[in-house]
Amino acid sequence: MDTLHIIGAGLAGSEAAWQAAQAGVPVVLHEMRPRVGTFAHRSGDFAEMVCSNSFRSDDDERNAVGLLHWEMRAAGGLIMATADRHALPAGGALAVDREAFSGAVTAALRAHPLISVSEEEITELPTDGHWIIATGPLTSGALAESIRAVTGAESLAFFDAIAPIVHAETIDMSVAWRQSRYDKGETEEERTAYINCPMTKDQYEAFIDALLAAEKTEFHEGETASYFDGCLPIEVMAERGRETLRHGPMKPVGLTNAHDPATKAYAVVQLRRDNALGTLYNIVGFQTKMKYGAQTAVFRMIPGLEQASFARLGGIHRNTFLNSPTLLDDQMRLRARPNLRFAGQVTGVEGYVESAAMGLLAGRMAAAEIRGASLPAPGPETAMGSLVHHITGGAVAKTFQPMNVNFGLFPPLDDARGGRRGRKDRYKGYTDRAKEIFTAWLAGQA
């Protein structure tokens, strides 16, 4: 049987390798780290989460991300199974201990009898064999140039920013308090999953002033500051209006200050647990391109963080992706070289779960092809199918931008729930339909 080669052991590459190997196909997983590092990664482990430790909502009845979780679990996904084993309290979201998570993914892949790992940098697109390119937004320069040469098109670029992480013991809990927004969660641990730092109007205004005045990372010549809206740096949000942050990551709704219940905060900064020990917390929504010195000064203006010690400061990095609607077929293969599939963020999906889901599909499709069959994508009524349909033809190529999974990508419901009834009924209609179709898609592969 032919071997499947996968470049990149991030979330997409790891999931693709697992799916193909579970289908009985031998896999070689090529990963350049730790021999060749990137500025965003901190280890050589697979499926390292560099931006956040959250897979977002786990509600599979009324949320498109939660539905994608459900589909990946139903398909025996390694990423979701590992996330579930290393989950942290996050008030209805699925957050993980990122080091334990990536360590467990690495161990599972290295232990699989059909998976071998090659620690090397691939600098050119291969001309023969079965390959999946899952190199993510930090594709090495040499390979990126090879991709551009083969596709005949410039990869588009935007910028992802990384949020800072704080040592929990340095947060002043006489000012801050623990509470999930609207006390969401089934257990006390879930309902107290976040640490909240309140601001008065004067404190908020001073913070915005400092944020706007802080020294920022300069862009290199030829780079353009085009951001994906789901990962905007806080200073870019502040530049869009002084109240933007107060209606975004710093919104005070659904929270009551345990130290002063009668006083409503003007704004609230939330921190989410980042590891199982509870020793590290990331500042939610605080991706930034401020220079390090400025970050320390500005973030210590937040009440409760005056003496904060940072395990990691924020950062910014270029993110490259293909204009997939023009370059990929409905099997995620490069039209110019059908022996090459692409998966993950490099295809123009955004988010950990979405990237892993495209890896899951690419791994299954490649395995089917190697075994002499053809596996169509699940229908566009499913979360996974809606994403792959979007990137391989559903999106307008001229304005193609990275996309999270959302119900706007799904075909409308053809019953009463598709009308003007409440979103709750409509979203439940989307997820019920998706689960039925996805279950049938899986059954067809048995």
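Tutor: Leaving out residues up to four places away in sequence, Thr382 touches Glu71, Phe410, Ala434, Ile437 and Phe438; touching, or contact, means heavy atoms within 4.5 Å. The model is predicted, so local features need pLDDT of at least 70 and side-chain atom pairs count only at pLDDT 80 or more, while totals for chains, interfaces and linings use all residues. Residues are numbered from 1 along each chain as its sequence is written, and side-chain values use heavy atoms, with hydrogens and water left out.

Thr382 sits in the loop between helix 11 and helix 12 (383-394). Helices (H or I, at least four residues) and strands (E, at least two) are DSSP runs, numbered from the N terminus. Thr382 counts as buried because its relative accessibility is 0%; buried means under 20% relative accessible area, exposed over 50%, and partly exposed in between, with a 1.4 Å probe and protein chains only. A polar atom of the Thr382 side chain lies 2.7 Å from the backbone oxygen of Gly379.

The structure holds twelve aromatic pairs. Rings of Phe, Tyr and Trp (its six-membered ring) pair if their centres lie within 6.5 Å; planes under 30 degrees apart count as stacked, over 60 as edge-to-face and the rest as tilted. One of the pairs is Tyr204 with Tyr266, which is edge-to-face, at 5.6 Å centre to centre and with 65° between the planes. This pair links distant parts of the chain, 62 residues apart: Tyr204 belongs to helix 7 (residues 201-213), and Tyr266 to the loop between helix 8 (234-239) and strand 12. Tyr204 counts as buried because its relative accessibility is 0%, and Tyr266 is buried too, with a relative accessible area of 18%. Phe410 pairs with Phe407, again edge-to-face, with 5.2 Å between the centres and 70° between the planes. Phe407 is buried at a relative accessible area of 10%, and Phe410 counts as buried at 5% relative accessibility. Elsewhere, Phe207, Phe286, Phe299 and Phe310 form one aromatic cluster.

Next come the nonpolar cores. A nonpolar core is a set of buried Ala, Val, Leu, Ile, Met, Phe, Trp, Tyr and Cys residues joined through side-chain atoms within 4.5 Å. The largest has 72 residues, and Phe55, Phe101 and Met358 have the most contacts inside it. Helix 11 (residues 352-370) supplies the largest share of this core, 13 residues. Not counting residues up to four places away in sequence, Met358 touches Met332, Ala343, Gly344, Thr347, Val349, Met384, Leu387, Val388 and Ile391. A second, separate core has 35 residues, among them Cys197, Leu232, Met250 and Leu305.

Three strands make an open, antiparallel sheet in the order 3-5-4; two strands pair if DSSP finds at least two bridges between them. Its edge strands, each pairing on one side only, are strand 3 (54-57) and strand 4 (87-88). Two bridges join strand 4 to strand 5 (residues 93-96) in the antiparallel sense, and Leu88 has Ala95 in strand 5 as its bridge partner. Helix 3 (residues 78-85) packs on the sheet and touches strand 3, strand 4 and strand 5; its direction makes about 80° with that of strand 5, where axes are lines fitted to C-alpha atoms, for helices over the stretch in contact, and angles run from 0 to 180 degrees between N-to-C directions.

Leu88 is also among the contacts of Asp274, which include Asn53, Val96 and Arg98, neighbours within four places in sequence being left aside. Asp274 lies in the loop between strand 12 (267-273) and strand 13 (280-283). Its relative accessibility is 2%, so Asp274 counts as buried. The side chains of Asp274 and Arg98 are joined by a polar contact of 2.5 Å. A polar contact is a pair of N or O atoms within 3.5 Å; within protein, one must be able to donate a hydrogen and the other to accept it, and residues adjacent in sequence count only if both atoms are side-chain atoms.

Back in strand 3 is Arg56, a residue other than glycine with a positive phi, near 70°. Most residues other than glycine have a negative phi. Arg56 counts as partly exposed, at 27% relative accessibility.
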